[in-house]
Amino acid sequence: MAAAGNAGNEKVDGSMDMNSSSVSDENYGWISYFLTLKGNEFFVEIDEEYINDNFNLTGLASQVPYYEYALDLIIDVENDEAHELGNEHQEMIENDAEVLYGLIHARYILTNRGLHAMLEKYRHNAFGTCPRYSCNHQSVLPVGITDQKGKSPIKLFCPRCEEIYRPRSARHENIDGAYFGTTFAALFFVVFPELKPSKATASYTPRVFGYKLHETWLQRSVQANKEAQQQYAEEQKRVNDQRKIMSQQQQQQQQQQHAQVMDAHTVTPGNDATPK
């Protein structure tokens, strides 16, 4: 009886494992797959409710050639027509799905849910820290310098020094800046003003042998360099002129010596003495 009971439990456990695996497969859709790809760590998960609202997608159809197919792929809707297309078209649809998700993402992170999702990443330094020494590892935010896709890759904005930098990782340099847009970083600190650090005032002070350089050191150095170059050019001209004069004098001397030698070997008829 116990053995039968155990066998029954094994059957129940096996069926539960199969059900749980099927449920996990269903939950692991295209968006989950996209977010796990290397280089996509900056993206947050967009609520399906937001994607299904056509108002939120206004104007995006003209920017994505395979818009309908790409949208169905993102929200995991089976499209029989898409399956009938060749491999080349399938790759284009996959690429358009990534582009479409990025463009939707730029809008989503401006919503209340999107901002809070990005807040969690910001608090965990998911976007990295500022490379500037005086910013003391300040957390940064992704930002685009244009809202047009395909124009410029993503940059990182430091709220302390208020400068933008290139991502440290090469895989993040391929992210289109339009997928985060020009508004997000500024809006983030409007919504969460308590997170905005005071602007960095410390700066590096150049010193020579421990002495601080005068504020006019650069202009003086440039002027001194110009004067030195001018003096060098004048000195070179003087040396070249002297060499030219010496060369001319040597040529004249050689010509005179040659003339004297020729005169010495010339025999005139009146001076010809014939021995008797």
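This is a predicted model: local features need pLDDT of at least 70, side-chain atom pairs count only at pLDDT 80 or more; totals for chains, interfaces and linings use all residues.
1. Start with Phe 209. It lies in the loop between strand S4 (207–208) and strand S5 (211–212). Phe 209 has a relative accessibility of 81% and counts as exposed, because the cut-off for exposed is over 50%.

2. Together with Val 208 and Tyr 211 it makes up a nonpolar patch. The accessible area of these three residues together is about 430 Å².

3. How many salt bridges does the count come to? The count is eight. One of them joins the side chains of Arg 171 and Glu 41, with an N to O distance of 3.5 Å. This pair links distant parts of the chain, 130 residues apart. Arg 171 sits in the loop between strand S3 (163–165) and helix H8 (184–191). Glu 41 sits in the loop between helix H2 (30–36) and helix H3 (48–52). Arg 171 is partly exposed, at 43% relative accessible area. Glu 41 is partly exposed too, at 28%.

4. Next, Glu 49 and Arg 113. Their closest N and O atoms are 3.9 Å apart, and the pair forms a salt bridge. Glu 49 belongs to helix H3 and Arg 113 to helix H7 (residues 112–123), so the bridge ties together parts 64 residues apart in sequence. Glu 49 and Arg 113 are both exposed.

5. A further salt bridge pairs Glu 162 with Lys 199, with 3.7 Å between the closest N and O atoms. Here too, distant parts of the chain are linked, 37 residues apart. Glu 162 is in the loop between strand S2 (155–158) and S3, while Lys 199 is in the loop between H8 and S4. Glu 162 counts as partly exposed, with 38% relative accessibility. Elsewhere, shared partners matter: Asp 47, Glu 49 and Arg 113 are joined into one network of salt bridges.

6. Asp 96 deserves a separate look. It lies in helix H6 (residues 87–108). Is Asp 96 buried or exposed? Asp 96 is buried, yet it has no salt bridge. The nearest side chain of opposite charge is Lys 149, 7.3 Å away. Side chains of opposite charge can pair when their charged atoms come close. Beyond its neighbours within four places in sequence, Asp 96 is in contact with Val 64, Pro 65, Tyr 66 and Ala 70.

7. Last, Ile 175. Its place is in the loop between S3 and H8. The relative accessibility of Ile 175 is 6%, so it counts as buried. Which residues does Ile 175 touch, not counting those up to four places away in sequence? They are Gly 39, Phe 42, Phe 43, Pro 153, Ile 154 and Phe 180. For Pro 153, the C-alpha separation from Ile 175 is 5.6 Å, although the two are 22 residues apart along the chain.

Technical notes:
Residues are numbered from 1 along each chain as its sequence is written. Side-chain values use heavy atoms; hydrogens and water are left out. Patches are made of residues with over 30% relative accessible area and no salt bridge: like charges are joined within 9 Å, nonpolar side chains (Val, Leu, Ile, Met, Phe, Trp, Tyr) within 5 Å. Accessible areas come from the Shrake-Rupley method with a 1.4 Å probe; for residues, only the protein chains shown count as cover. A salt bridge is a side-chain nitrogen of Lys or Arg within 4 Å of a carboxyl oxygen of Asp or Glu. Helices (H or I, at least four residues) and strands (E, at least two) are DSSP runs, numbered from the N terminus. Buried means under 20% relative accessible area, exposed over 50%, partly exposed in between (1.4 Å probe, protein chains only). Lys and Arg count as positive and Asp and Glu as negative; His and the chain ends are not counted. Contact means heavy atoms within 4.5 Å.
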